[in-house]
Amino acid sequence: MNDSHEASMNFDLARAEPFLIRCEANLKIGLDADFLMYVVEQAEIGMGHETQIKVRFEGTATALIFRTFRDDVEAVDLYFVTQNQASAEAINAEMLAFAEDNDL
(Lines give C-alpha, C1' and ligand atoms only; values in the text may rest on other atoms or scores of the structure.)
Protein backbone atom coordinates (compact mmCIF):
# COMPACT_ATOMS: atom_id res chain seq x y z
CA MET A 1 0.00 0.00 0.00
CA ASN A 2 1.33 3.42 -0.87
CA ASP A 3 1.30 5.94 1.96
CA SER A 4 0.47 3.17 4.38
CA HIS A 5 0.31 3.48 8.15
CA GLU A 6 0.99 0.65 10.55
CA ALA A 7 0.16 -0.39 14.07
CA SER A 8 2.08 -3.39 15.39
CA MET A 9 2.90 -5.19 18.60
CA ASN A 10 4.27 -8.51 19.83
CA PHE A 11 1.82 -10.57 21.87
CA ASP A 12 1.97 -13.71 23.93
CA LEU A 13 -0.27 -16.01 21.93
CA ALA A 14 -2.72 -16.24 24.85
CA ARG A 15 -3.19 -12.44 24.82
CA ALA A 16 -3.74 -12.01 21.08
CA GLU A 17 -7.42 -12.99 21.11
CA PRO A 18 -8.33 -10.85 24.16
CA PHE A 19 -6.65 -7.91 22.41
CA LEU A 20 -8.56 -8.46 19.17
CA ILE A 21 -11.85 -8.74 21.07
CA ARG A 22 -11.11 -5.58 23.05
CA CYS A 23 -9.99 -3.68 19.96
CA GLU A 24 -13.24 -4.49 18.17
CA ALA A 25 -15.34 -3.72 21.27
CA ASN A 26 -13.75 -0.29 21.63
CA LEU A 27 -13.36 0.73 17.99
CA LYS A 28 -16.34 -1.09 16.44
CA ILE A 29 -14.63 -1.32 13.04
CA GLY A 30 -15.70 -4.82 12.08
CA LEU A 31 -12.76 -6.96 13.17
CA ASP A 32 -13.72 -10.64 13.21
CA ALA A 33 -11.63 -11.87 16.15
CA ASP A 34 -12.43 -15.54 15.46
CA PHE A 35 -11.25 -15.30 11.85
CA LEU A 36 -8.16 -13.29 12.76
CA MET A 37 -7.22 -15.80 15.45
CA TYR A 38 -7.63 -18.58 12.89
CA VAL A 39 -5.11 -16.70 10.72
CA VAL A 40 -2.75 -16.34 13.70
CA GLU A 41 -3.00 -20.01 14.66
CA GLN A 42 -2.38 -21.21 11.09
CA ALA A 43 0.96 -19.42 10.87
CA GLU A 44 3.89 -21.77 11.30
CA ILE A 45 6.72 -20.81 13.63
CA GLY A 46 9.13 -18.49 11.85
CA MET A 47 6.55 -17.73 9.20
CA GLY A 48 4.15 -14.92 8.55
CA HIS A 49 0.78 -14.55 6.93
CA GLU A 50 -1.07 -11.66 5.39
CA THR A 51 -4.74 -11.18 4.65
CA GLN A 52 -6.71 -8.15 3.57
CA ILE A 53 -9.98 -7.38 5.31
CA LYS A 54 -12.54 -4.63 4.96
CA VAL A 55 -13.39 -2.55 8.02
CA ARG A 56 -15.34 0.62 8.71
CA PHE A 57 -13.58 3.39 10.56
CA GLU A 58 -15.68 6.38 11.55
CA GLY A 59 -18.30 5.30 9.03
CA THR A 60 -15.93 4.98 6.09
CA ALA A 61 -15.08 1.63 4.50
CA THR A 62 -11.36 1.04 4.37
CA ALA A 63 -9.00 -1.81 3.53
CA LEU A 64 -6.89 -3.18 6.34
CA ILE A 65 -4.03 -5.60 5.84
CA PHE A 66 -3.65 -7.94 8.80
CA ARG A 67 -0.16 -9.43 9.00
CA THR A 68 1.14 -11.94 11.46
CA PHE A 69 4.55 -13.32 12.20
CA ARG A 70 4.77 -16.30 14.54
CA ASP A 71 7.94 -15.80 16.62
CA ASP A 72 7.64 -19.08 18.47
CA VAL A 73 5.00 -21.40 19.92
CA GLU A 74 3.86 -18.79 22.45
CA ALA A 75 4.39 -15.45 20.67
CA VAL A 76 3.05 -13.63 17.64
CA ASP A 77 3.57 -10.21 16.08
CA LEU A 78 0.37 -8.57 14.86
CA TYR A 79 0.49 -5.83 12.22
CA PHE A 80 -2.40 -3.72 10.98
CA VAL A 81 -1.54 -1.77 7.81
CA THR A 82 -3.88 0.75 6.22
CA GLN A 83 -3.88 3.90 4.14
CA ASN A 84 -6.13 5.50 6.76
CA GLN A 85 -3.78 7.15 9.26
CA ALA A 86 -6.51 7.76 11.85
CA SER A 87 -7.47 4.07 11.97
CA ALA A 88 -3.82 3.02 12.36
CA GLU A 89 -3.44 5.53 15.19
CA ALA A 90 -6.62 4.26 16.87
CA ILE A 91 -5.45 0.64 16.69
CA ASN A 92 -2.02 1.65 17.99
CA ALA A 93 -3.69 3.47 20.91
CA GLU A 94 -5.62 0.27 21.68
CA MET A 95 -2.37 -1.69 21.64
CA LEU A 96 -0.73 0.76 24.05
CA ALA A 97 -3.74 0.74 26.37
CA PHE A 98 -3.88 -3.07 26.30
CA ALA A 99 -0.18 -3.27 27.14
CA GLU A 100 -0.59 -0.80 30.00
CA ASP A 101 -3.67 -2.55 31.39
CA ASN A 102 -1.91 -5.93 31.27
CA ASP A 103 1.47 -4.74 32.60
CA LEU A 104 3.25 -5.67 29.38
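Val40 is buried, with a relative accessible area of 0%, where buried stands for under 20% relative accessible area, exposed for over 50% and partly exposed for what lies in between (1.4 Å probe, protein chains only). The residue is found in helix α2, helices (H or I, at least four residues) and strands (E, at least two) being DSSP runs numbered from the N terminus. With neighbours within four places in sequence left aside, Val40 is in contact with Leu13, Phe66, Thr68, Arg70, Val76 and Leu78, contact meaning heavy atoms within 4.5 Å. Ala7, 33 residues away from Val40 in sequence, lies 16 Å from Val40 in space, C-alpha to C-alpha.

This is a predicted model, in which local features need pLDDT of at least 70 and side-chain atom pairs count only at pLDDT 80 or more, while totals for chains, interfaces and linings use all residues. Residues are numbered from 1 along each chain as its sequence is written, and side-chain values use heavy atoms, with hydrogens and water left out.

**The chain as a whole**

The protein chain has three helices and four strands, and, read along the sequence, these elements follow the pattern β-α-α-β-β-β-α. A compact globule of 104 residues would have a radius of gyration near 13 Å, and the protein chain agrees with this at 13 Å; the radius is taken over C-alpha atoms, and the globule rule is 2.2 Å times the number of residues to the power 0.38. Taken along the principal axes, the box filled by the C-alpha atoms is roughly 35 × 30 × 25 Å.

Of the 104 residues in the protein chain, 40% are buried. Among contacts between residues at least 6 apart in sequence, 61% join residues that are at least 24 apart. The protein chain exposes about 5800 Å², of which carbon and sulfur atoms supply 45%, the areas coming from the Shrake-Rupley method with a 1.4 Å probe. As for charge, there are 7 positive and 20 negative side chains, and the centres of the two sets lie 6 Å apart; Lys and Arg count as positive and Asp and Glu as negative, whereas His and the chain ends are not counted.

**The aromatic residues**

A search of the whole structure finds five aromatic pairs, a pair being rings of Phe, Tyr or Trp (its six-membered ring) with centres within 6.5 Å, called stacked when the planes are under 30 degrees apart, edge-to-face when over 60 and tilted for the rest. In one of them, Phe19 and Phe98, the ring centres are 5.6 Å apart and the planes stand at 75 degrees, so the pair is edge-to-face. Because Phe19 lies in helix α1 (residues 13-27) and Phe98 in helix α3 (residues 85-101), the pair ties together parts that are 79 residues apart in sequence. Phe19 counts as buried at 0% relative accessibility, and Phe98 also counts as buried, at 4%. Phe11, Phe19, Phe66, Phe80 and Phe98 form one aromatic cluster.

His49 is found in strand β2 (residues 48-57) and counts as partly exposed at 38% relative accessibility. Between the C-alpha atoms of His49 and Leu78, which are 29 residues apart along the chain, the separation is 9.9 Å.

**Exposed and partly exposed positions**

| Residue | Relative accessibility | Class |
|---|---|---|
| Asp34 | 58% | exposed |
| Lys28 | 62% | exposed |
| Glu58 | 68% | exposed |
| Ile21 | 47% | partly exposed |

Asp34 lies in helix α2 (residues 33-42), and its C-alpha atom is separated by 8.0 Å from that of Glu17, 17 residues apart along the chain. Ile21 is found in helix α1, and 8.3 Å separates its C-alpha atom from that of Asp32, eleven residues apart along the chain.

Lys28 has its place in the loop between α1 and α2, and its phi is near 50 degrees, a positive value in a residue other than glycine. Glu58, placed in the loop between β2 and β3 (60-72), likewise has a phi near 50 degrees, which is positive although the residue is not glycine.

Note on methods:
Charge placed at Lys NZ, Arg CZ, Asp CG, Glu CD.
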